[in-house]
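User: I'm new to this one and would like to learn how to read its features. Can you walk me through it?

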Protein chains: 4
Amino acid sequence: MLRLLITGGTFDKHYDAVRGELTFRDTHLPQILETVRCTVPLELEICRLVDSLYMGDEDRQAVAEACRAAPERSIVITHGTDSMTLTAERLLQEGLDKTIVLTGAMVPFTVSGSDALFNLGGAIVAARTCPPGVYIVMHGQVFPAGRVQKNRGQGCFEETL
Amino acid sequence: MLRLLITGGTFDKHYDAVRGELTFRDTHLPQILETVRCTVPLELEICRLVDSLYMGDEDRQAVAEACRAAPERSIVITHGTDSMTLTAERLLQEGLDKTIVLTGAMVPFTVSGSDALFNLGGAIVAARTCPPGVYIVMHGQVFPAGRVQKNRGQGCFEETL
Amino acid sequence: MLRLLITGGTFDKHYDAVRGELTFRDTHLPQILETVRCTVPLELEICRLVDSLYMGDEDRQAVAEACRAAPERSIVITHGTDSMTLTAERLLQEGLDKTIVLTGAMVPFTVSGSDALFNLGGAIVAARTCPPGVYIVMHGQVFPAGRVQKNRGQGCFEETL
Amino acid sequence: MLRLLITGGTFDKHYDAVRGELTFRDTHLPQILETVRCTVPLELEICRLVDSLYMGDEDRQAVAEACRAAPERSIVITHGTDSMTLTAERLLQEGLDKTIVLTGAMVPFTVSGSDALFNLGGAIVAARTCPPGVYIVMHGQVFPAGRVQKNRGQGCFEETL
């Protein structure tokens with residue numbers, strides 16, 4: 001069993017035609033999992049639906065508590081990319097005996113050329129094949145928490161030296 | 001380093017507007033890897049571009065030889081779903097000290113509602129996190145070769161009992 | 001008021017993941033009209049859901065009768081491209097005092113790079129702006145029935161000389 | 001011959017993955033016209049690439065001058081929806097002996113569920129079938145300039161009473 005914890009981020013942004021902007025309405029995860037024919041037994045839990053730029057200590061605390069409370073030992077968290085490394089480091093401090101994988105998207109699922117499905121596929125597999133720990137899965141790579149940063153100029157994650 | 005071996009399959013089918021049918025023209029993998037912002041260093045190799053229904057012993061032999069010849073120890077193979085388990089079993093007999101992951105799609109990358117990106121993301125991660133062996137990655141699951149079958153009625157892979 | 005008569009064709013083809021082929025299941029028109037925010041009051045009528053290669057005299061007769069029976073004076077017909085000109089000529093013989101526009105797609109709505117929405121938008125406008133008569137609207141062009149042919153080599157419609 | 005005058009608007013917005021927002025980079029019109037297999041001979045002209053909320057008198061003057069200077073008698077203008085009616089009214093004052101059609105999109109071409117292709121198809125047909133005048137083509141409807149408004153609450157255009 002796997003828990004899929006949703007916090008929002010670019011991954012789940014939706015275009016609001018009336019307001020003319022990208023925003024949150026609902027998560028696309030149930031529809032996505034059906035579309036890609038995911039057969040992994042999993043529990044969905046919506047924890048937040050926010051831009052990770054606006055996530056603070058309390059939000060990260062809530063994510064940590066959701067991970068601790070989850071009965072599953074494999075957890076995937078969809079998260080905005082801007083503070084994904086911070087949440088990963090916060091979860092590392094919890095020292096849970098679980099495999100926790102954070103992932104997200106540089107381009108929303110609803111926008112053409114999105115990396116959301118590719119990253120999600122990688123994250124679900126990593127949550128089931130990696131040893132207990134906290135990881136960020138983006139761009140086909142598995143980065144251990146605490147040793148990864150977002151390169152804002154290039155729009156991608158990379159190992160810290 | 002990872003080698004991505006292309007054999008075609010539903011994954012890479014393209015709609016030919018003149019002939020009015022799904023067929024092969026070229027692989028979409030270079031475009032896909034750029035779109036999803038894959039940063040894993042990899043080598044692309046086109047081995048075949050065929051429907052796996054029409055793959056025979058010689059085709060499987062060619063795939064096995066390409067795996068043996070590859071200098072990389074992590075290999076992802078895109079493959080049609082109809083005979084993916086046969087090729088996986090053939091590769092298992094080779095006993096290579098490499099992590100070889102076969103993947104594909106139930107719906108072509110070029111058709112809406114495709115599972116291609118999700119499966120590819122999972123396959124690339126599995127090729128880098130699983131111990132040496134031969135695997136099929138589909139639907140978010142990692143199936144060891146020899147213990148997986150395609151359920152044709154439901155259009156999905158499942159463990160053999 | 002406008003009547004939208006559905007006969008199938010490439011426009012409405014759907015990928016059947018179990019059978020691995022393009023086929024018909026249901027029309028996508030209700031979903032399409034909502035997605036593109038069409039506000040033209042219209043009645044949908046499913047007449048056929050077939051590949052136009054397999055349309056015979058009886059099918060064309062049924063389309064003609066549906067046009068005659070329709071209370072609306074503006075009619076759009078979605079149709080396969082292979083025999084669209086034949087149905088248009090058959091409708092021309094009816095001499096109805098209505099504006100009848102046939103349209104379709106070279107690439108199914110469900111396949112990336114589809115021309116379905118572009119052609120449908122043109123057909124709906126033509127049905128409301130052109131004088132009574134029978135027309136084919138494809139590729140941004142309005143062709144009068146009887147003076148248009150499908151260029152099979154190039155996959156497009158063109159005026160007959 | 002038809003002239004396609006590009007001014008930007010939601011139609012042409014693109015997701016900038018580095019900045020994480022919808023913005024302008026380039027027009028998608030050449031790619032769109034090829035994809036939908038438009039065979040209408042046309043000239044593309046980029047006049048502006050802006051959000052129509054920020055269009056002022058000078059911008060509208062530039063659009064009017066481009067219409068006047070164009071040798072073609074059929075003109076389609078892609079335009080943001082927020083001030084499309086203002087530009088249409090400005091063009092009406094010019095009294096040109098041309099058929100000028102403004103169109104746009106409620107959802108960008110690059111976002112799933114876009115109405116861009118549908119509206120563009122309608123606009124190109126209207127530019128070739130309507131008598132000289134200024135029109136807005138949206139949602140399958142042809143609205144004469146001066147008698148149409150954007151209903152901001154519902155996100156659609158409607159006739160003024």
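User: How many residues of chain B are in contact with chain A?

Analyst: Contact means heavy atoms within 4.5 Å. Here 28 residues of chain B touch 28 residues of chain A. Keep in mind that this is a predicted model, where local features need pLDDT of at least 70 and side-chain atom pairs count only at pLDDT 80 or more, while totals for chains, interfaces and linings use all residues. Residues are numbered from 1 along each chain as its sequence is written, chains are lettered from A in the order in which they are written, and side-chain values use heavy atoms, leaving out hydrogens and water.

User: What area is buried between chain B and chain A?

Analyst: Buried area is the accessible area (1.4 Å probe) that two parts lose on being put together, summed over both. For this pair that's about 2400 Å², with carbon and sulfur atoms giving 63%. R37(B), F118(B) and V125(B) supply 27% of what chain B buries against chain A, more than any other three residues.

User: How do I read two packed helices?

Analyst: Two packed helices are described by the angle between their axes and the distance between the axes. Helices here are DSSP runs (H or I, at least four residues), and strands are E runs of at least two, numbered from the N terminus. Axes are lines fitted to C-alpha atoms, for helices over the stretch in contact, with angles from 0 to 180 degrees between N-to-C directions. Take helix 4 (residues 116-129) of chain A and helix 4 (residues 116-129) of chain B: their axes come within 6 Å and cross at roughly 40°. That makes the two helices oblique to each other (under 35 degrees is roughly parallel, over 145 roughly antiparallel, 65 to 115 roughly perpendicular, the rest oblique).

User: Which residues make that contact?

Analyst: Among them are L117(A), F118(A) and G121(A) of helix 4 of chain A, and L117(B), F118(B) and G121(B) of helix 4 of chain B. By class, the contact of these two helices has twelve nonpolar, six polar and no charged residues. Ala, Val, Leu, Ile, Met, Phe, Trp, Tyr, Cys and Pro count as nonpolar, Asp, Glu, Lys and Arg as charged, and the others, Gly among them, as polar.
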